[in-house]
Amino acid sequence: MNYFNEKIETMSREDMKALQSERLIDLVKRVYDNVPYYRAKMDKINLKPSDIKSIDDISKLPFTTKQDLRANYPFGLFAVPKKEIVRLHASSGTTGKLTVVGYTKRDLEDWAECGARSLAIAGCTNDDVVHISYGYGLFTGGLGMHYGSERLGAMTIPVSTGNTMRQIMLLRDFAATTICCTPSYAIFLAEEMEKANIKPSELSLKIGVFGAEPWSDSMRIEIEKRLNIKAYDIYGLSEISGPGVSMGCGDKFGLHVMEDYFYPEIVDVDTLEPLGDNEKGELVFTTLNKQGIPLIRYRTRDISELKHETCPVCGRTLVRMKRVQGRSDDMLIIRGVNVFPSQIETVLLGISGVIGSHYKIIVDRIGNLDVIEIQVEMSEAIFSDEVKSVEKVRKDVEHDMQSMLGIAAKITLVSPNSLPLSEGKTARIEDKRKI
Amino acid sequence: MLVNQIAVFLENRAGRLQALAKTLSDAKVDLVSLNIADTSDFGIVRMITSDNKKAESALKLAGFTVKSNDLIGIEVEDVPGGLTNILLGLSEEGVDIEYLYSFAHTKEKKAIILFKTSDVEKALAILKKHNIN
């Protein structure tokens, strides 16, 4: 089997628990001493670092949420002095405020290790050529896979997103064996290749590592067929580190969690009580080894299940998490971008030509590409007999939405009072995608 | 002359124009002219009816977004060149036209031209100068 770190990846449960316990004890001390916010939270429930004696005590600790990150924007939850932070990443947050994460040198090394392990789980070695089409920038996808691939020793090609014909040329000329991108981009790539009459056999691709957005098994089969590769699922979120929190080996149940770094729990969505193996609930992570911005029991809002048995496919003992099956909040993932309805509402409320509180969001997948349509009621006052005045409002919404969300949305103006008054947020969202 | 027109916002989905027409027929309002300006996302129906006030209130009651405004209306001979001369007069004086449409009185052999301009006063003065009403 192709292990990157065999000792960890096949560690016995007892040894793993011992390692996790040791790291958790250290982590709780560090955050208690260095992050006033955590200290206050623990003091409030009368919890001392010394109460945490093993990984089994983790459920005594309070949860951390995205709201906590926002409330402490930008650096409030950092547990080391700023000079020890060597990199920042950020992802979109609910009201336009970014979620900021900082990495120390060691954090980046740990993350690269996770990326390298992930690629190895997909079967990559230092003989491979890895083409990375995730965005490079504040988004963790590009740089995360980049350093993982370098750590593995593979030839790493930092292509980033866009210019698909050029990507196809590079794939062919550099003979990439592995591609990392979103699954919808993989489909788009296949379509563009078909249009340009370039056959998969002209490329050297064998492996695809796909993540950053939810995808279905039927999409996996389609990608494998059209690009003639094996497609693997990678999971991550910037708050925890980025891609490589867990990685699928082809096993039907799910993805191996790098649990020596990221301790996963599944909790009941309503009671927040921890659940056992094979029980469906919200995925919660504790970043056991992180220095820059350690998170304790961070609620991902992703719905999953865990299984602690040794993997029948690859023999790894790393706990498996089921492919994410939904969200416990109303966040939408569109073309890999996190979109919160509240962000959309904020934009709409800022434009005088529309009634910002009356809107509907429709998400669909057309030809494997996510599309988002926002219907919003036009205000009666701006309506006139001339097309240009109405069109200007529509364009304003379109423009502001693009700069807020980072993706294009189709804006449809509808008559005042034509959208049903919402009975709660989810009634305003129609997700037609079948994932 | 000034002609009152009502403009109605039309969402781009099936059945909206039919709903509009039905609202008018239920209110026993007759259409004199009907014109639709459309984009890929929405349309604006511009119309003149037998009773604009009645039409406007019926449409508002039915949930449509309606605005009424005045257009300049001129009667021209329904012969080649009828429109050209008038437009020449307007363009020479720098009056621009936002949009224009027409309908024909088949019995009287006359065409009615309706147009929207930003400078109504000036346009009316020019038309008067050319003896056009």
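Start by selecting Arg297(A) and Glu265(A): their side chains form a salt bridge, with the closest N and O atoms 2.9 Å apart. This pair links distant parts of the chain, 32 residues apart. Arg297(A) sits in the loop between β11 (281-287) and β12 (298-304) of chain A, while Glu265(A) belongs to strand β10 (residues 262-267) of chain A. Both Arg297(A) and Glu265(A) are buried. Keep in mind throughout that this is a predicted model.

Next, select Asp385(A) and Lys116(B). Their closest N and O atoms are 3.0 Å apart, in another salt bridge. This pair crosses between chains: Asp385(A) lies in the loop between β18 (369-378) and α11 (387-405) of chain A, and Lys116(B) lies in strand β6 (residues 110-117) of chain B. Both Asp385(A) and Lys116(B) are buried.

Now go to helix α9 (residues 217-227) of chain A and pick Arg220(A) and Glu224(A). A salt bridge joins their side chains (3.1 Å, N to O). The two residues are four apart in the helix, so about one helical turn separates Arg220(A) from Glu224(A). An α-helix has 3.6 residues a turn, so residues three or four places apart point the same way. Arg220(A) and Glu224(A) are both buried.

For a network of salt bridges, select Glu391(A), Arg394(A), Lys395(A), Glu398(A), Lys410(A) and Asp41(B), which are linked together. Over all chains, the count of salt bridges comes to 45.

Move to two helices of chain A, α2 (residues 13-34) and α3 (residues 36-44). They pack at an angle of about 105°, with their axes 5 Å apart. That angle makes α2(A) roughly perpendicular to α3(A). To see the contact, show Val28(A), Val31(A), Tyr32(A), Asp33(A) and Asn34(A) on α2(A), and Pro36(A), Tyr38(A), Arg39(A), Met42(A) and Asp43(A) on α3(A).

In chain B, select helix α2 (residues 52-61). Which of its residues are buried? They are Asn52(B), Ala55(B), Glu56(B), Ala58(B) and Leu59(B). Their cover includes β1 (2-11), α1 (16-26), β3 (42-49) and β4 (66-77) of chain B. Just after α2(B), look at Gly63(B), which takes a positive phi of about 95°.

Finish on the surface of chain B. Leu17(B), Leu31(B), Leu34(B) and Ile36(B) form a nonpolar patch there, with about 300 Å² of accessible area together. Strand β2 (residues 31-38) of chain B gives the largest share of the patch, three residues. One residue in strand β2 of chain B is Ile36(B), which is partly exposed, with a relative accessible area of 37%.

Note on methods: Residues numbered from 1 in each chain as written. Chains lettered and ligands numbered in written order. Predicted model: local features only at pLDDT ≥ 70, side-chain atom pairs only at ≥ 80, totals over all residues. Heavy atoms only, no water. Patch = residues over 30% accessible without salt bridge, like charges linked within 9 Å, V, L, I, M, F, W, Y side chains within 5 Å. Areas by Shrake-Rupley, 256 points an atom, 1.4 Å probe, with all protein chains shown as cover. Salt bridge = Lys/Arg side-chain N within 4 Å of Asp/Glu carboxyl O. Buried < 20%, exposed > 50% of the residue type's maximum accessible area, 1.4 Å probe, protein only. Axes fitted to C-alpha atoms, helices over the stretch in contact; angles between N-to-C directions. Parallel < 35°, antiparallel > 145°, perpendicular 65-115°, else oblique. Contact = heavy atoms within 4.5 Å.
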